[in-house]
Amino acid sequence: MSENKQTEQNDGLTGAPSAEELEAAQAANEFEAMNALTDVQAQLAVFQAKNTDLSDNYLRAKAESENARRRADDEISKARKFALESFSESLLPVLDSFEAALALKEATLEQLREGSEATLKQLKSALERNKVLEINPAAGARFDPHQHQAISMVPAPQQEANTVVTVLQKGYLIAERVLRPALVTVAAPQ
């Protein structure tokens, strides 16, 4: 017995774990593994919930951007349609005035002139309401190649070179963009 006790004491001294200690350690490891597994499963559930939430948010955002694009396309289409409608409406009184003038069989020259002047005012007003503005540079104004088209250069000793001498045909802007440049003659350099 003394040898068994001695062996047990030696085993305790050499550091080899006993069967009970091994079982306890194994149980502790299993418990830690179960806790770790539970933690990982909980994290997985959280990540899956976040993934589902992000996927839903992505799909909603994608659908909303498609709807916004579709609404913008519809608005652009309507704006084009109604812009033309508005311009046409503003020209109808001019058309009515021309038809009324042509309906008069016994109009005098003065009546025709007055009617033509009134109709011209209506037409200019309709164009201005729709942002169509005249380009009619004054004599002596600086030549602007963006708004004027030079037809010829003429000697003009009283004017500085590259200035407008005469306007042969008015130009027009539409919303600050040249619709037609003014046709002009320009003073030649001396």
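**A tour from the strands to the helices**

Start by selecting strand β1, residues 132-135, together with β4: the two run antiparallel and are joined by four bridges. Keep in mind that this is a predicted model. To see one of those pairings, pick valine 132 and look across to isoleucine 174, its bridge partner in β4.

Now stay on β4, residues 171-174, and show the side chains.

Click leucine 173 and you'll find valine 178 as its bridge partner in β5. Two residues lie between the strands of this β4 and β5 hairpin, and alanine 175 there takes a positive phi near 50 degrees.

Leucine 173 also leads you into the largest nonpolar core, so select its six residues: Ile135, Val164, Leu173, Ala182, Val184 and Val186. Strand β6, residues 182-187, gives the most to this core, with three residues. Zoom in on alanine 182, whose contacts beyond four places in sequence include Ile135, Pro137, His148 and Lys170.

Last stop: the helices. Select α2 (residues 19-103) and α3 (residues 109-129), which pack at an angle of about 175 degrees with their axes 9 Å apart. That angle makes α2 roughly antiparallel to α3. On the α2 side, the contact includes Phe87, Leu91, Val94 and Phe98, and on the α3 side Leu123, Ala126 and Leu127 are among the residues involved. Color the contact by class and you'll get eight nonpolar, four polar and one charged residues.

Terms used
Residues numbered from 1 in each chain as written. Predicted model: local features only at pLDDT ≥ 70, side-chain atom pairs only at ≥ 80, totals over all residues. Heavy atoms only, no water. Core = buried A, V, L, I, M, F, W, Y, C linked by side-chain atoms within 4.5 Å. Buried < 20%, exposed > 50% of the residue type's maximum accessible area, 1.4 Å probe, protein only. Contact = heavy atoms within 4.5 Å. Pairing = 2+ DSSP bridges. Axes fitted to C-alpha atoms, helices over the stretch in contact; angles between N-to-C directions. Parallel < 35°, antiparallel > 145°, perpendicular 65-115°, else oblique. Nonpolar A, V, L, I, M, F, W, Y, C, P; charged D, E, K, R; others polar.
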